[in-house]
Amino acid sequence: MDAGKSGRSAEKAREAEAARDELREALAGVDVVLPSLGVDLVSLTSDYLSPLVELGCCRADVAWKLAAALRKCAQ
């Protein structure tokens, strides 16, 4: 792998991790924890995809909390 591609991959990983961390912090502010929140590794290795933050799975009560928080913010 050339150094240019490696540098782009590292930057994509930092970008996705920063977005994930900011989302985790914002969700914690409304008492929502998504235990599977992470960075999608496939998108980090792709030359074509933007880095993806994977929200993962959560319990129904957490989904209801998240929906309520989003509705409150939308008002």
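**Labels and cut-offs**

Me: What makes Cys-58 partly exposed?

Reply: Quick caveat before that: this is a predicted model, where local features need pLDDT of at least 70, side-chain atom pairs count only at pLDDT 80 or more, and totals for chains, interfaces and linings use all residues. Residues are numbered from 1 along each chain as its sequence is written, and side-chain values use heavy atoms, with hydrogens and water left out. Now, Cys-58 has 35% relative accessibility. Buried means under 20% relative accessible area, exposed means over 50%, and partly exposed is in between (1.4 Å probe, protein chains only). So 35% puts Cys-58 in the partly exposed class.

Me: And why is Cys-73 called exposed?

Reply: Because its relative accessible area is 64%, and the label needs over 50%.

Me: Why is Arg-20 called buried?

Reply: Arg-20 comes out at 19%, and the limit is under 20%, so the label is buried. Arg-20 sits in helix H1, residues 3-29; helices (H or I, at least four residues) and strands (E, at least two) are DSSP runs numbered from the N terminus.

Me: What does Arg-20 touch?

Reply: Leaving out residues up to four places away in sequence, Arg-20 touches Leu-37, Gly-38, Val-39 and Val-53. Contact here means heavy atoms within 4.5 Å.

Me: Zooming out, what is the order of helices and strands along the chain?

Reply: The chain has 3 helices and 2 strands, and they follow the pattern α-β-α-β-α along the sequence.

Me: What makes the chain more spread out than a compact globule?

Reply: Its radius of gyration is 15 Å, well over the 11 Å that the globule rule gives for 75 residues, so the chain is more spread out than a compact globule. The radius is taken over C-alpha atoms, and the rule is 2.2 Å times the number of residues to the power 0.38. The C-alpha trace spans about 45 × 20 × 15 Å along its principal axes, and 23% of the 75 residues count as buried.
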